[in-house]
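Welcome to this guided tour. Open your viewer, get your selection tool ready, and follow along stop by stop.

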Amino acid sequence: MTRKGELDAQTWSDALKMYEWLCTFVGVARREHEEWWLDVGSIMRLETRDPRGWESFDPYEGEEERLDDPLHPWWDTLSTPADAERYSGRVGELPRESVRSLLVLLGVAASGVDVSRTFGWEEYRPRRERRAEVILSRFPADTRFYTNLGWKGDLPDFYQQSSRGHAPFSGYDWDAGLIAVNDDEVAVFWNFQNT
């Protein structure tokens with residue numbers, strides 16, 4: 001950050017390092033549609049770029065799977081209002097207070113487990129949480145967050161909810177995601193794993 005509390009491209013890039021060795025997709029786009037699901041579809045189809053020119057992550061760029069199927073890893077992508085209606089039932093709105101733990105979960109190579117029991121958790125937790133806070137700082141207070149993971153309670157802690165259901169968006173055994181939506185930007189964070 002250039003000044004305390006001011007996010008810049010380098011700080012954003014450093015925060016995304018939490019995802020660099022995993023199969024985690026990160027894309028942000030300018031919000032162009034009232035129906036924000038259409039913006040999510042554009043991100044999935046790689047039709048957009050970060051409006052700030054900042055880094056994104058596409059773990060399938062140049063990979064054989066993508067060359068065979070330009071939509072890989074997604075089953076399909078949203079391009080019509082009917083698609084938006086179909087996909088909206090796959091996610092639930094998540095309170096902002098729970099987003100940090102979900103961002104951290106998306107940076108751990110363990111599907112559907114109690115993250116607090118993974119190897120090196122206590123050692124790596126502070127750095128992962130700092131990175132998640134940086135990512136979260138990009139999105140103003142009026143941002144709404146959605147995930148395809150199920151949870152218990154009003155304020156879920158994704159570190160400890162080990163048996164979550166999920167509504168898949170891909171052919172992977174487990175895919176977990178976060179969608180952030182505000183008046184200016186839409187972001188997609190998605191982790192793909194075969195167990």
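**Stop one: a tryptophan to begin with.** Select Trp36 and show its surroundings: leaving aside residues up to four places away in sequence, Trp36 touches Arg31, Tyr146, Ile179, Val181 and Val186, where contact means heavy atoms within 4.5 Å. You will find Trp36 in the loop between E1 and H2. Is Trp36 buried or exposed? Trp36 is buried, with a relative accessible area of 12%; buried means under 20% relative accessible area, exposed over 50%, and partly exposed in between, using a 1.4 Å probe and protein chains only.

Before moving on, a word about what you are viewing: this is a predicted model, in which local features need pLDDT of at least 70 and side-chain atom pairs count only at pLDDT 80 or more, while totals for chains, interfaces and linings use all residues. Residues are numbered from 1 along each chain as its sequence is written, and side-chain values use heavy atoms, with hydrogens and water left out. The names of helices (H or I, at least four residues) and strands (E, at least two) stand for DSSP runs, numbered from the N terminus.

**Stop two: the sheet.** Switch to a cartoon view. Five strands form an open sheet in the order E1-E5-E4-E3-E2, with antiparallel pairing; two strands pair if DSSP finds at least two bridges between them. Strand E1 (24-30) and strand E2 (92-94) are at the edges with a single partner strand each, so one side of each has no neighbour in the sheet.

Now walk across the sheet, strand by strand:

- E1 and E5 are joined by seven bridges and run antiparallel; select Ala29 to see it opposite Val186 in E5.
- E5 (residues 185-193) pairs with E4 (residues 174-181) over eight bridges, again in the antiparallel sense. These two strands form a hairpin with three residues between them. Val181 has Val186 as its bridge partner in E5, and Asp175 has Phe192.
- E4 and E3 run antiparallel, with four bridges; here Tyr146 stands opposite Ile179 in E4.
- E3 (residues 144-147) is joined to E2 by three antiparallel bridges, and Gly92 has Thr147 as its bridge partner in E3.

**Stop three: both faces of E5.** In a regular strand the side chains alternate between the two faces of the sheet. Show the side chains of E5: Glu185, Ala187, Phe189, Asn191 and Gln193 on one side, and Val186, Val188, Trp190 and Phe192 on the other, are all buried.

**Stop four: helix H2.** Select residues 37-44, which make up helix H2; this helix packs on the sheet, touching E1, E4 and E5. How many residues of H2 are buried? Eight of the eight are, so H2 is largely enclosed by the rest of the structure. Among what covers them are E1, helix H4 (81-88), E4 and E5. Then step to Leu46, which follows H2 and has a positive phi, near 60 degrees.

**Stop five: two crossing helices.** Finish with helix H1 (residues 9-16) and helix H6 (residues 121-137), whose axes come within 8 Å and cross at roughly 135 degrees. Axes are lines fitted to C-alpha atoms, for helices over the stretch in contact, and angles run from 0 to 180 degrees between N-to-C directions. Zoom in on the contact, where Thr11, Trp12, Asp14, Ala15 and Leu16 in H1 meet Arg131, Val134 and Ile135 in H6.
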